[in-house]
Amino acid sequence: MTAQEQFVFPDHLSMIQEFSLGNRPLVDLVREIQNIYCSDDRPWIIGFSGGKDSTCVLSLIYMALLQLPAEKRTKHVYVVSSDTLVETPVVVDMIKRVIKLINEAAPKEGLPISAHSVVPKTDQTFWVNLLGRGYPAPNQTFRWCTERMKIDPVSEFILDKVAKFGEAVVVLGSRSQESASRAQVIAKHKIDGSALSRHSSLPNAYTYMPIESWSADEVWMYLMSAPCPWGGSNQELLELYKGSNQGECPLVIDKSTPSCGNSRFGCWTCTVVTNDKALHGLIESGANWMKPLLAFRNKLYMSRQPENSEEYRNFRRRTGRVSYNSGDISDDSVREVRHIPGPYWLSKRQEFLRELLTIEKGINESGESIELITRPELHMIRREWLRDPNEPDWEDSLPRIYREVYGEDLDWVEDDAGAFTRADSETLERLAEKYGVPSALVRKMLEAELQVSGLGNRRGILNSLESILQRDWEDLDAINERNHSFRKRGKSYVEEVKDEFSEFLN
């Protein structure tokens, strides 16, 4: 708390004893929290996103436990925050400070509270999927990020406690006034005669929403009327909201929880919306060092637009096949067959990674401390590139890109998948052109052989080669023409390939 800050109440306890919010005295709500906490031995898990609503709930529960006799603080309360690793940097910093304060203050007060941050598995992060596997930046129809990066890490934490204790109560800052759809979800899972609701997807997990009936103004009145119970104030949180003019991105625990599609605080890489108003607001408020992040995010957004698909995305899917779709999910009158583009070209992923590392290096050299992509993610991306189903990175380019940006090497693991060199690639390209055979096809067949080289048992190699031959290896125009011809003859490309190579595959 700074010298300039003035509060209505000198401490949190005074506010609890004298204030009424949500059409009830705060002391009555605190008593309800205490009664539910003491009623059984189910551990509590507080979903903490760092925004106003979850901060309010965390404060209420902290105070409720602080006012209980020590002998009644019989079960643990876990505070869990989901870090997608691409959160808005200033929000991440604030959450880390609150978690640190909680973990320092709670033991001193004798409170059974511990705060934890959960992250996606390394092979499911935003950058591993986008840069490593080439997934296109998320949009409304293909929002692949939410489940992998938000739902799964939190669900795994909750299920771990359920497995240990049998059941658990998840405490959330959800409010009915957030939206009509959210109010319907809350009402749907409510248990009659109880303050708890059934979790919408996790068995043996229940939810408790203490400020369900509060308005946003009441939340701010609570937060700004007294110091935080663990020390300090919520002034930084208020300034953050004022600077961005946005709301918080809630802790997402299931698919019914609203994500950040309205450009709330969330991932700085979010391309589900056209414009990221939160980043714009923070930059206009003086955080100029985030301008390169906004520019990079906008580049990802543009790469996702249909008119740019040919430049940025492979015409093949990761299965190696060219896919088509009939109709339009947003317009039932559309009936034409449309080509569905695949992952980002490897060259574009290499370009994205170089730019991301350059931005990270520049921001750190300017005096900020930030890690835009973790080093374990770089190792995982390298592995994905080496084994890419369409464009295997024979040159093992990721270590070189990192070296060119940072002037140093990481502890790269030797990998047989990178056994081919640039010279090998150039030789293969020349031979492919000479004999009229797609070089990518030969690469994949060589890789299949390499995987079983030296093994006494080569079982499955013919199936692998057959699978490779069934992929679409020509350019898109040739594939479209061929498929049109096959449709006329009533025969598929796979059937044609099998007939052509039957004497070798049988």
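1. Ground rules. The model is predicted, so local features need pLDDT of at least 70 and side-chain atom pairs count only at pLDDT 80 or more, while totals for chains, interfaces and linings use all residues. Residues are numbered from 1 along each chain as its sequence is written, and side-chain values use heavy atoms, with hydrogens and water left out.

2. Confidence. pLDDT is the predictor's confidence in each residue, from 0 to 100. The protein chain has a mean pLDDT of 83. In this chain, 80% of residues reach 70 or more. Residues 247–263 fall below 50. That stretch still has 70 contacts (heavy atoms within 4.5 Å) beyond near neighbours in sequence. Where pLDDT is low, the predicted coordinates should not be read in detail.

3. Cysteines. The whole structure contains zero disulfides. A disulfide here is a pair of cysteine sulfur atoms within 2.5 Å. For Cys267, the closest cysteine sulfur belongs to Cys145, 6.4 Å away, which is too far for a bond. Cys267 is buried at 15% relative accessibility. Cys56 is buried too, at 0%. Buried means under 20% relative accessible area, exposed over 50%, and partly exposed in between (1.4 Å probe, protein chains only).

4. Thr269. This residue sits in the loop between α9 (235–244) and α10 (277–284). Helices are DSSP runs (H or I, at least four residues), numbered from the N terminus. Thr269 is buried, with 1% relative accessibility. Leaving aside residues up to four places away in sequence, Thr269 touches Val86, Phe126, Trp127 and Arg297.

5. Salt bridges. Side chains of opposite charge can pair when their charged atoms come close. The rule asks for a side-chain nitrogen of Lys or Arg within 4 Å of a carboxyl oxygen of Asp or Glu. By this rule there are 25 salt bridges. One of them pairs Glu32 with Arg24, with the closest N and O atoms 3.2 Å apart. Glu32 is partly exposed at 23%, and Arg24 is partly exposed at 22%. Lys52 and Asp53 form another, at 3.8 Å from N to O. Both of these residues are buried.

6. A bridge within a helix. Glu351 and Lys348 form a salt bridge, their closest N and O atoms 3.5 Å apart. Both lie in helix α13 (residues 346–365), three residues apart, about one turn of the helix. Glu351 is partly exposed at 32%, whereas Lys348 is buried at 12%. Shared partners join Lys299, Glu311, Lys348, Glu351 and Glu355 into one network of salt bridges.

Terms used. Helix = DSSP H or I, 4+ residues; strand = E, 2+ residues; numbered from the N terminus.
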